[in-house]
Amino acid sequence: MTARARSSVTASRSLWPAIEMNLRLTAAALLLLLAAAPAEMAKLPGGTVLDTPALEALIAAEHPVLIDVAPPPPRKPAGLAAGTPWMPAPHDDIPGSVWLPSVGQSMPTAALASWFRARLAAFAGSPDRPLVFYCHIHCKLSLNAAERAIGDGYSYVYWYPPGIEGWTEAGEPTALAKPLQPADNQERKP
Amino acid sequence: MAMMRCATPAPGREVIKILLFAVALLGLVATLAPPPARARRWHALSETIFGNRPLLDGSGTISLDAPYRALDAALVPIQITLAEGRNVKSVYLIIDENPAPLAARITFGPDAAPHELKLRVRVNDYTDMQAVAETADGKLYMTRRFIKASGGCSAPVGEDNAAALAGIGRMKLNLLQPFTADSPLEAQLLIRHPNFNGMQMNQLTRLYTPARFIDKADITYNSNLVLHMDSDISLSTNPAITFGLVPHGPGTLEVVAHDSQGTVFRHSFALPLASD
């Protein structure tokens, strides 16, 4: 259309209503997109989504239980050449967190689910204690775990989607984490 | 007071100049050097991989290109470019945050045109990446890049294991330039292989798929070595490598690849390719 509009003035005049309509439609679509944007953002029904300043404020004011559900440390694969260094990076998380790897899996075994429930009860002490779930950026494990906690009746469940990457990028301190796993889950299955 | 200070000539201004310079220098150092955690990690890695051999500034010798923010952490395209006339005999690619950080080591043979190398890699976390060139005189030149990607190691291969294993070892060669005898020729080799890294969970059985990955490959032309690659679990599914060779006339490009289960895959291509 632009090519034709450029070709002659009369053509561009006769095309103007069509262009105008197009512009209106584009503007309407843009407005719709803007209105829809917050709905597109992270959501946690029955809980609250946090950004970094909000998490900082919550930690200072309410001493929530911070639960890191990042995947467990990798297991050395068989067949790695003798000279290849195997050096999994140490996992750091938000200071004061508990690291419960695997509990955010989409389909946990019954044993893992009940272990998680027991751990949560022990750390929270009461269903009114705020709980914050996070893992890595763009990682769904923390959302899964947060939804489970809401289902178990915790009143103040928070989800921090930026994860440890977002926390680190904001210049916040981190601490070396140690995984806490059920006794029969210490080793990943081959 | 202010007047007095302005009136005092050289020394005061010199101090201010020096202070400003120091601040600028600190700022520069702060932007160049990675934050302490990443620096500590690299220190440990470089010591393990290179011992106490000095790593020289790679600018003018080697450069590393990768997307700053990767679209798919399981398939991050990287490109290493070597300057002409630097006589590089091997190249190391190190992805700091990966559990097996030395992703690949490539050694060039007499028939190589060591100019450009492209690979596709998995990236586990936000990480520094280093490319190191070793020149014929034994010196090491390093370049670094930071990239944002996360979860590339546990990402499933994208099809069920049987499908991923079908046609394992099939190879394809693309010539990226017209074939001319005695001229450098850029080529891309594709190897069909799941390159299972042992960290991928089968979504149906909930078990981790055992590791199985290409651990070495040799590319020769008329029996002369073009390159040898040592690799591991950091290479993406269906490894792809773009490399350069100097074909001295028509001939046979042979690829021999091994995987961690001891399977050997061989394929020969007659050059120039029939379709060219």
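Where in chain B is Asp160(B) placed?

1. Asp160(B) sits in the loop between β8 (140-147) and α4 (161-165) of chain B. This is a predicted model, and the residue's surroundings are read from it. Asp160(B) has 13 C-beta neighbours inside 10 Å and so counts as partly exposed, since that class lies between the cut-offs of 12 or fewer for exposed and 20 or more for buried. Pro239(B) is 79 residues from Asp160(B) in sequence, and the C-alpha atoms of the two are 18 Å apart in space.

2. Chain A has an open sheet of five strands with parallel pairing, in the order β1-β6-β5-β2-β4. Its edges are β1 (48-49) and β4 (98-99) of chain A, each of which pairs on one side only. Two bridges hold the parallel pairing of β1(A) with β6(A), a strand of residues 157-159. Thr48(A) has Tyr158(A) of β6(A) as its bridge partner.

3. His63(A) counts as exposed because it has 11 C-beta neighbours inside 10 Å. In chain B, Asn87(B) has a positive phi near 55°, and its place is the loop between β3 (76-82) and β4 of that chain. Asn87(B) has 12 other C-beta atoms within 10 Å and is therefore exposed.

4. A cis peptide bond is also present. The bond between Leu271(B) and Pro272(B) is cis, with omega at about -5°. Pro272(B) belongs to the segment after β15 (264-271) of chain B.

5. The largest nonpolar core has 63 residues, and the members that touch the most others are Val76(B), Ile80(B), Val91(B), Leu93(B) and Ile94(B). Strand β4 of chain B, residues 88-95, supplies the largest share of this core, six residues. Leaving aside residues up to four places away in sequence, Leu93(B) touches Ile80(B), Ala103(B), Ala104(B), Leu119(B) and Ala131(B). Another core lies apart from this one and has 31 residues, including Ala70(A), Cys139(A), Ala149(A) and Trp159(A).

6. Strand pairing in chain B can be followed through β6(B). Six bridges join β3(B) to β6(B), the strand of residues 116-121, in the antiparallel sense. Within that pairing, Gln79(B) has Lys118(B) as its bridge partner. β6(B) also runs antiparallel to β13(B), residues 240-245, and two bridges join them. Here the bridge partner of Leu119(B) is Ile241(B). Leu119(B) is also among the residues that Leu93(B) touches.

7. Last, the contact between the chains. On the chain B side 29 residues take part, and they meet 23 residues of chain A. Helix α3 of chain B, residues 36-50, gives the most to the chain B side, with four residues. By class, the chain B side has 14 nonpolar, eight polar and seven charged residues.

Notes
Residues are numbered from 1 along each chain as its sequence is written. Chains are lettered from A and ligands numbered from 1 in the order in which they are written. This is a predicted model: local features need pLDDT of at least 70, side-chain atom pairs count only at pLDDT 80 or more; totals for chains, interfaces and linings use all residues. Two strands pair if DSSP finds at least two bridges between them. A nonpolar core is a set of buried Ala, Val, Leu, Ile, Met, Phe, Trp, Tyr and Cys residues joined through C-beta atoms within 7 Å. Two residues are in contact if their C-beta atoms, placed from the backbone, lie within 7 Å. Ala, Val, Leu, Ile, Met, Phe, Trp, Tyr, Cys and Pro count as nonpolar, Asp, Glu, Lys and Arg as charged, and the others, Gly among them, as polar.
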